[in-house]
Amino acid sequence: MRILLVSLLYPLPTNAARGTFVADHALALKQEGHDVRVVNCLPRMLRYQEARRSTHTGVAKAPRVFEHGGIPVFAPRFTALPDHPWPSLTKWSIRRLSRRVEKWLDGWRPETIVCHTLWPAGVLAHHLSRRWKVPWGAVVHGWDLDVGLNHSSVGPTVHALIQAPDHLIAVSKRLQSKVIETGREPDTVSMIPCHVAVEEEWLTPMKPSKKRWRKSSIDILFPSDPRRPEKNHLLALKCGEEMERRGWVVGMTTLKQQPRPIVWDRMLVADLTLITSKRESGPLVAKEAMVCGTPVVSLDVGDVAEFLPSYCVVDEATPERLADACEAALKSRWEGGFELPERFQQTSVIAQWNEVLQGLVA
């Protein structure tokens, strides 16, 4: 099947960590035999503006055309202002990209369009769908529903985009419920999580810690860029301070724009992965760390409660409760090991996607 994947987030030549969950999906579709091409629409910006957000790194000078994982990528520019005070300007600008997309495709036309993230990429996906008379499906992640839907300026547009696709896919049960609450028909909504794409050489069984209790040095991995406020790096630091008061010698490693193999290497050597985010759609890094053999302690965000042991999930965002959970994870002997639930594995996820895609073009 010919599939055009549209997204605001996708890895760039100088920022391989950007939008990896979208790239994983594109590569999995390609491995399944689909003909995939990607349109990664990017906002116009100057180099100094990249510092506003880690996902903007590499955007200012990104090439218009490149390949990632053997998949051709087109990165046209649209105009948008910070925090979108005039969403009509952004929508007008991004719809104008349709002719450039057609020129890049050079006669190739998709049988269906899949859009990751609704604002503003969904505006382009919807416009191309009507222009070419092909169905489209959208994948909603955390920002669209947790922030965008209640945003003072783009909220009405996000609500309209939730209703616009022929089929809508939520990456967690929580997001699926929120989509249905907006008034979309449940029969046109599916829940398909992002799959875990850790390669076999990094897969490691869970083993008990050999550290001396409250006397050893431990390496805690904060698997995010600390510049992103929703990741709540300050709370992670306070948890580390609390553990040091209890006798541990704590070192904390953060992740910025590292390639995936380096991220997995960091997970292999860490004693613990700590997630203190205020909101998450997954998070995918929690599943990746667990299959790399590193215990994960997380606030009760996203779908972590579905696969983490109960003592690793904290429902109160305080340093003391997080420190208690970290010590419980270090104390655990992991006698039963850890096995990733089948629904998060690539074979299961792609089987569900094939069903959705066949339904779109039927």
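Two strands pair if DSSP finds at least two bridges between them. Helices (H or I, at least four residues) and strands (E, at least two) are DSSP runs, numbered from the N terminus. The model is predicted: local features need pLDDT of at least 70, side-chain atom pairs count only at pLDDT 80 or more, and totals for chains, interfaces and linings use all residues. Residues are numbered from 1 along each chain as its sequence is written, and side-chain values use heavy atoms, without hydrogens and water.

**View A. An open sheet of 5 strands.** The order is β12-β11-β13-β14-β15, with parallel pairing. β12 (249-254) and β15 (313-314) stand at the edges. Each has a single partner strand, so one side of each lacks a neighbour in the sheet.

**View B. The pairing of β13 with β14.** Strand β13 (residues 272-275) runs parallel to strand β14 (residues 296-299), joined over 3 bridges. Val 297 of β14 is the bridge partner of Leu 274.

**View C. Helix α11 across the sheet strands β11, β13, β14 and β15.** Helix α11 spans residues 319-331, and β11 spans 217-222. The helix runs at about 155 degrees to β14. Axes are lines fitted to C-alpha atoms, for helices over the stretch in contact (heavy atoms within 4.5 Å). Angles run from 0 to 180 degrees between N-to-C directions.

**View D. The crossing of α2 and α4.** The axes of α2 (residues 87-95) and α4 (residues 121-132) come within 9 Å and cross at roughly 45 degrees. α2 is therefore oblique to α4 (under 35 degrees is roughly parallel, over 145 roughly antiparallel, 65 to 115 roughly perpendicular, the rest oblique). Lys 91, Ile 94 and Arg 95 of α2 meet Ala 121, Val 123, Leu 124 and His 127 of α4 in the contact.
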